[in-house]
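Subject: Structure for you to look at

Hello,

Here is the structure I promised to hand over. Please open it first, then read my notes below.

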Amino acid sequence: MKNIIFFFLLFSFFLQAKVIEVGINKPLKSIKKAIALAKVDDTILVYKGIYKEGNISINKKITFLGISYPTLDGQKKYEVLSIKADGVIVQGFKVINSGYGTLEDPCGIKVYNRKNVVIQNNILDNNFFGIYIQNGTNCIIKNNKIKASGKQEQLIGNGIHCWKSDSLQVTANTISGHRDGIYFEFVTNSVIWRNISTHNVRYGLHFMFSNDDAYISNVFKNNGAGVAVMFTRRVKMFNNYFEENWGDAAYGLFLKEISDSYIIGNKFSRNTSGIHMEGTSRILVEKNIFEANGWGMKIQASCMENIIKNNNFVGNTFDISTNGSLVLNTFDGNYWDKYEGYDLDKNGVGDVPFRPLSLFAVLTENNPSAMLLFRSFMITLLDKSEKILPSITPDNFIDKTPLMHSLSL
Amino acid sequence: MNRIIKIIFLDILKNKIVLAYTLILALLSWSSFGLEDNSAKGLLTILNVILFTVPLVSILFATIYLYNSSEFIELLLSQPVKRKKIWLSLFLGLSLSMVAAFFIGAGIPLLVNAPDSVGIMMVIVGCLISIIFVALAFLSSILTRDKAKGIGIAIMTWLYFALLFDGLVLFLLFQFSEYPIEKAMVAVTAFSPIDLARIQILLQLDVSAMMGYTGAIFKDFFGTAIGLMVSFMFLCLWAIIPFYISLKKFKNKDL
């Protein structure tokens with residue numbers, strides 16, 4: 001026992017010896033000097049204050065801690081924090097005012113080709129790019145609050161930008177006001193978990209060429225164009241919220257050229273379009289809630305072998321819409337609040353099939369101004385007769401086992 | 001004038017048809033709201049009531065009532081009362097009873113079950129539609145002495161606004177789909193009070209779809225404060241103009 005205590009004391013003595021303090025009332029006032037003094041595995045403690053030191057570059061494996069959020073100010077000229085060593089931990093800073101540039105993408109915090117970097121509990125305010133992982137492996141971005149007030153797409157960068165990386169964990173960050181909240185390009189085997197991405201100029205989450213990733217339990221709300229997942233295979237999208245993405249070309253979730261993926265347990269509510277699918281194949285859309293959207297799902301004729309089953313479609317203006325007559329997808333066992341069939345054998349499954357595609361959805365797809373007549377008595381009559389004798393809508397666009405009651409999801 | 005309104009209002013109440021109308025509206029509204037736990041179905045039911053039943057009942061009842069009370073009107077005319085006053089009191093009495101019926105029957109369940117912008121908009125629009133179709137009834141009943149003809153005109157008017165007009169608009173939309181007709185279409189809606197009412201409700205009810213490309217044109221006009229004011233002004237004009245024409249005719253009519 002004595003030995004253990006002795007060892008522990010010794011250990012903490014060693015720890016203490018390696019702490020370098022920076023602060024207004026401390027002997028050391030410059031972060032740059034502290035980094036220059038530090039050796040591998042040292043800790044630099046930065047106390048509260050405003051530090052305007054231009055670009056701070058961390059080029060050895062240290063732990064970089066802020067006490068009660070010291071401010072690192074880039075004065076709109078510099079990249080604030082550059083990480084150029086493996087295993088660096090950055091925690092508890094307030095990083096503001098990075099420079100603006102179109103060639104170099106100056107960031108709040110940028111990681112250059114490194115492994116095992118941890119960036120957590122920071123506040124990033126008014127930066128061009130927030131956190132940028134360039135060719136990183138096994139990095140963790142956690143609990144950061146990233147904020148900007150971008151107005152135009154070209155004048156603002158992304159909140160969390162990850163490029164050509166592997167095994168990242170992006171967890172519990174709050175992002176708003178950037179171009180894309182979270183941007184993934186050529187990022188593999190990574191997870192995006194419990195982030196809140198709101199009010200971004202373009203997408204809440206933008207995903208390109210990023211195979212084998214998962215994003216789980218995130219909230220994407222009120223972004224310029226919702227969430228876009230493109231040219232990717234094997235993505236898992238579980239339990240996310242897609243809300244209030246409104247506008248001309250805004251989608252809760254926009255899928256383009258996606259295959260072998262899973263969309264399970266998400267909630268799409270009050271979007272112009274819940275999901276817009278283009279050229280997607282072999283996707284399983286299961287146990288999602290589509291609620292109060294303009295269009296629940298827009299499935300273009302270029303999609304094939306997708307399975308849409310056990311979802312709730314409630315209170316959407318149109319549940320489904322498409323742009324052609326080719327249907328290569330399966331609808332199975334969904335609940336549609338517009339279903340008017342009966343269930344004689346009381347097994348919970350409607351006895352007559354449901355056609356989720358309404359005549360008017362097809363009409364407006366061809367002639368958008370027809371929206372003017374929506375819900376008029378005339379249109380309701382036309383819709384009813386089309387449901388009984390489909391002539392304009394493809395007759396194999398059908399759910400043969402519609403549920404009588406909504407699933408409890 | 002107040003006394004004439006009171007007499008007419010009480011007479012309509014004694015008639016019991018308006019009471020039945022109120023009861024049916026109430027039954028329909030409460031049951032459709034009670035059917036499911038979300039209010040969407042109930043709102044849709046009431047929307048159809050506003051666009052379909054309310055105009056029909058208002059125009060038919062008011063027309064028939066006017067023809068049936070022609071003796072009463074003649075009696076009033078023998079008194080030292082201005083013609084304008086009589087006609088206006090008749091209009092106010094009838095409008096008041098139709099609005100009251102709508103408000104008690106459909107308005108209260110609306111405000112209880114959907115106390116948001118949709119519900120409030122529907123109540124306002126429903127009341128306005130009641131008044132507009134009472135005004136149209138006044139016009140159709142003054143046009144001819146023949147009761148059957150007058151009621152026929154009323155039914156035709158209703159058919160035109162409830163069904164034919166939309167059919168025409170649909171036809172125009174597809175005939176001219178190659179042209180940029182969106183703005184023209186917005187103007188065309190002003191020619192039908194039912195369409196004006198429907199679009200105002202639509203902007204509240206299907207707000208998500210209206211934010212999309214297809215709805216954006218309408219949202220840009222009707223969704224703004226000016227658009228809202230303009231469309232309400234048009235709705236009011238739809239009540240005022242038919243009544244004003246009927247009043248002119250009534251003043252000079254040889255009874």
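Below is what I found, chain by chain and then for the two together.

First, a caution. This is a predicted model. The predictor gives the complex an ipTM of 0.77 and a pTM of 0.83.

Start with chain A. It has 409 residues, and 46% of them count as buried. Its secondary structure comes to four helices and 38 strands. Along the principal axes, its C-alpha trace spans about 85 × 55 × 30 Å. Now take contacts in chain A between residues at least 6 apart in sequence. Of these, 45% join residues at least 24 apart.

Chain B has 12 helices and zero strands. Of its 255 residues, 43% are buried. Its C-alpha atoms fill a box of roughly 60 × 45 × 30 Å, again along the principal axes. How does its radius of gyration fit a compact globule? A compact globule of 255 residues would have a value near 18 Å, and chain B has 19 Å, so the two agree. Among chain B contacts between residues at least 6 apart in sequence, 75% join residues at least 24 apart.

Confidence in chain B comes next. Its mean pLDDT is 88, and 96% of its residues reach 70 or more. Among the elements of chain B, helix α6 has the highest mean pLDDT, at 93. Helix α11 (residues 213-222) has the lowest, at 68.

The UniProt record, an unreviewed entry, places "transmembrane region" features in chain B.

Now the core. The largest nonpolar core has 172 residues. Which residues have the most contacts inside it? They are A:I131, B:I50, B:I132, B:V134, B:F138 and B:A197. The largest share of this core, 17 residues, comes from helix α6 (residues 117-143) of chain B. Look closely at B:V134. Leaving out residues up to four places away in sequence, B:V134 touches B:S58, B:A62, B:F91, B:L94, B:S95 and B:M98.

Last, where the chains meet. How many residues does each chain bring to the contact? Chain A gives 27 and chain B gives 30. On the chain A side, 13 are nonpolar, 11 are polar and three are charged.

Best wishes

Note on methods. Residues numbered from 1 in each chain as written. Chains lettered and ligands numbered in written order. Predicted model: local features only at pLDDT ≥ 70, side-chain atom pairs only at ≥ 80, totals over all residues. Core = buried A, V, L, I, M, F, W, Y, C linked by C-beta atoms within 7 Å. Buried ≥ 20, exposed ≤ 12 C-beta atoms within 10 Å, placed from the backbone. Helix = DSSP H or I, 4+ residues; strand = E, 2+ residues; numbered from the N terminus. Contact = placed C-beta atoms within 7 Å. UniProt positions renumbered as here; feature names shortened; annotations may be inferred. Nonpolar A, V, L, I, M, F, W, Y, C, P; charged D, E, K, R; others polar. pLDDT = per-residue confidence, 0-100. Rg over C-alpha atoms; globule rule 2.2 N^0.38 Å.
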